[in-house]
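Please keep the sequence and the structure open while reading.

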Amino acid sequence: MTASATRTARIGVDIGGTFTDLVMIEGDGRLYHAKVPSTPAAPEEAVIAGISDLVRDSGISVADVREIVHGTTVGSNTLLQKVGARAGLITTAGFRDVLEIGRLRTPNMFDLQWDKPVPLIPRRYRLEAQERIAADGTVITPLDEASVVAAAAALVEAGVESIAICFLNSYRNPVHEQRAEELIRARFPKVQVTTSVSVLPEAKEYERTSTTVVNAYVGPVLAAYLERLQTGIKRLGVNAPLLVSNSNGALASAETACEKPVFFISSGRAAGAVGGARLGEALAQENLVIFDMGGTTASATLVNGGELSRVSEYEFRAGISTPSRFIKAGGYMMSVPTVDVAEVGSGAGSIAALDSAGLIRVGPVSAGADPGPVCYGLGGDQPTVTDANLVLGYLPEELAGGARHLDKAASAAAIAARLGDALGLEAEDAAYGIREVVNANMARAIRAVTVERGVDPRDFTLVAIGGSGPVHAAAIASLLSMDKLLIPATPGVFTAMGMLSGDIERYFTAPIGRVVEDVDLARLAEATEDLRRQAIANLREEGIPEEAMELLPEANMRFRGQEMSLAIPFAEPFDPARVREDFLETYRSIYSYVSSDAVEVVGIRMTGRGLRQGRLDFRKLSAPDHEEAGPVSQRKVYFGKDAGWIETPVYDRTRSPRRLTGPVVLESNDSTVVVPPDATVERDDFLNLHIRLS
């Protein structure tokens, strides 16, 4: 037997707007990572190139790769750029305009210029069928099958490739939707069909319709991408299964992602949050803010008392995007489990320009990987955050281990021409202005998951990940009066590592719709058991043995008359008094008060979790060999008007001393860490950095 025959490896892949990050972990805990430029026109090409690089550099055989775990921005980019499939909707007569009516709310009460998001399906592609089911599930008007076929035929004639079906009260009785699906699949087998009962069998017509429509809109695009990716992986000789990270930070098969893409819209960013929570667990740190800054966006997530913050719905919107319980109607609603992430369109590739008032604005438009920042020399002519950081000395003149050379003079010239001259500023002052604006934007995201949740960020440690997170982390922490920072060993590819630490998860729901004291306990027990059977069956299909399964029931609860509900875990048998008290306690912790109104159980949800045997455990990583060395170079770094330019030592991060005092810059091939003056930085045995600000 050869040495390579005994080796096994798993690969995590995260596609960003600028770089595609890959991490490979061997069975003994050894890590390899790569960072390659993203290929936006065909994202799978960067993934395949990165896997080839990893396999070559590690010396492992492609046959020894046991699993590939993937996070993708294809779903979110499809919504952001409005490049999804031409989709149609068939709904109950009289409910054609549910998407436009929405919740009758605005995200900003006094914004008279606000426009509703344009529906993903134009009105001409939203057609009606004759049928009606009552709120209790009884059939009022039988399904007119001819009207379903006629509507589908009209949509196909118009070039529609994906059809969403959402009938009134179908969550109570799915027979009409199921029959409509059978009719359409029989007549038009090439058309993708999504029923609301297969995606979200829950009350609330707008939320259910919107979630189903997003699934139909994104489905063909994501399915085509995953098919191309799987074909490319097999062409390399890798026969490992492909798992995809979902919006809740868990994993599912590529086949599941194709069937229910709405669960995978926030695929990559949630994995970084899960990885941060798992790293905190390994280091016995329970209160963390996970800050992730890539090339296009930056996001923030809260870990409070060791628990990662999660919610049961999410709105995708431009600008600041957050599952806030207070800001609604600004984007496309998806009622799916998701990590509670606040995201802003401010990344290293965000373009800086002057607005109509002559002030600096940064993002949300990004230069991406093509043409990229000016310093890349690939045709970009608009200054970005990366250009500003390069001019200020925060970045080296080569990125990703020499894969990309940066032109500092070109960056300075572009900043001066586009911003400095108009503002009467030198290039360095304009560059620092760009950095200050983008830092303020990113601090907003952190406030959205802390201050707006009634949490004081000063009690938390800021975990900085992403290729650009450690460059800005100290400055952002200072804005928020946070004094503790944690930089993981490989921050630039940490999201890909987070995917390797995830578990398989599937979600199943059933409606209840009763005041908690009036719940029919026998019916609830029967529904819970049915969901349990579904979860077990689906996890078996994912290859999970029963001894590795966890089944987690939750009740979605609210005060009578409220729109929103909270997910409350419960033990079986269901105890109404206990669950009611748990709801009140959770509600008070979020909103600081409780109502005297009756409490309703809207429905129950069963999460089926498959514990993966090969899951990455940060406590079992092989400690890398570490030989301390002095600075590899020095360069001037600009730390603001008060401190000015300071001659700053630059260290190879993998060989830096255990303790240093700022200012100092630590470089590696995946990221750069900036430590400001008077701050201290300590390295632990696994190359994680612990920074304390003065």
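Contact here means heavy atoms within 4.5 Å. Helices (H or I, at least four residues) and strands (E, at least two) are DSSP runs, numbered from the N terminus. The model is predicted, so local features need pLDDT of at least 70 and side-chain atom pairs count only at pLDDT 80 or more, while totals for chains, interfaces and linings use all residues. Residues are numbered from 1 along each chain as its sequence is written, and side-chain values use heavy atoms, with hydrogens and water left out.

**Helix pairs**

- Two packed helices are described by the angle between their axes and the distance between the axes.
- Axes are lines fitted to C-alpha atoms, for helices over the stretch in contact, and angles run from 0 to 180 degrees between N-to-C directions.
- Helix H1 (residues 43-58) and helix H7 (residues 205-236) have axes that come within 9 Å and cross at roughly 25 degrees.
- H1 and H7 are therefore roughly parallel to each other (angles under 35 degrees count as roughly parallel, over 145 as roughly antiparallel, 65 to 115 as roughly perpendicular and the rest as oblique).
- On the H1 side, Pro43, Glu44, Val47, Ile48, Ile51 and Ser52 meet Tyr225, Arg228, Leu229, Gly232, Ile233 and Leu236 of H7.
- That contact of H1 with H7 comprises eight nonpolar, two polar and two charged residues (Ala, Val, Leu, Ile, Met, Phe, Trp, Tyr, Cys and Pro count as nonpolar, Asp, Glu, Lys and Arg as charged, and the others, Gly among them, as polar).
- The axes of helix H12 (residues 427-449) and helix H13 (residues 469-479) also come within 9 Å, crossing at roughly 65 degrees, and H12 and H13 are therefore roughly perpendicular.
- H12 contributes Arg435, Val438, Asn439, Ala440, Met442, Ala443, Ile446 and Arg447 to the contact, and H13 contributes Val471, His472, Ala475, Ile476 and Leu479.
- Nine nonpolar, two polar and two charged residues make up the contact of H12 with H13.

**Burial**

- Buried means under 20% relative accessible area, exposed over 50%, and partly exposed in between (1.4 Å probe, protein chains only).
- In helix H9 (residues 267-282), 13 of the 16 residues are buried, so H9 is largely enclosed by the rest of the structure.
- Helix H2 (residues 74-81) has Val74, Gly75, Ser76, Thr78 and Leu79 as its buried residues, and these pack against H1, H7, strand S17 (314-316) and strand S18 (332-334).
- Thr461, in strand S25 (residues 461-465), counts as buried at 7% relative accessibility.
- Beyond its neighbours within four places in sequence, Thr461 touches Gln285, Asn287, Leu288, Val289, Met482, Lys484, Leu485 and Leu486.
- Arg185, in helix H5 (residues 175-187), is partly exposed at 40% relative accessibility.

**Backbone features**

- Asn169 is a residue other than glycine with a positive phi, near 60 degrees; Asn169 sits in the loop between strand S9 (162-166) and H5 and is buried at 11%.
- Ser481 has a positive phi near 60 degrees; Ser481 belongs to the loop between H13 and strand S26 (484-487) and is partly exposed at 48%.
- Lys82, which follows H2, has a positive phi near 55 degrees.
- Glu572 and Pro573 are joined by a cis peptide bond with omega about 0 degrees, and Pro573 lies in the loop between strand S29 (566-569) and helix H16 (576-591).
- Gly662 and Pro663 are joined by a cis peptide bond with omega about 10 degrees, and Pro663 lies in the loop between strand S33 (659-661) and strand S34 (664-667).
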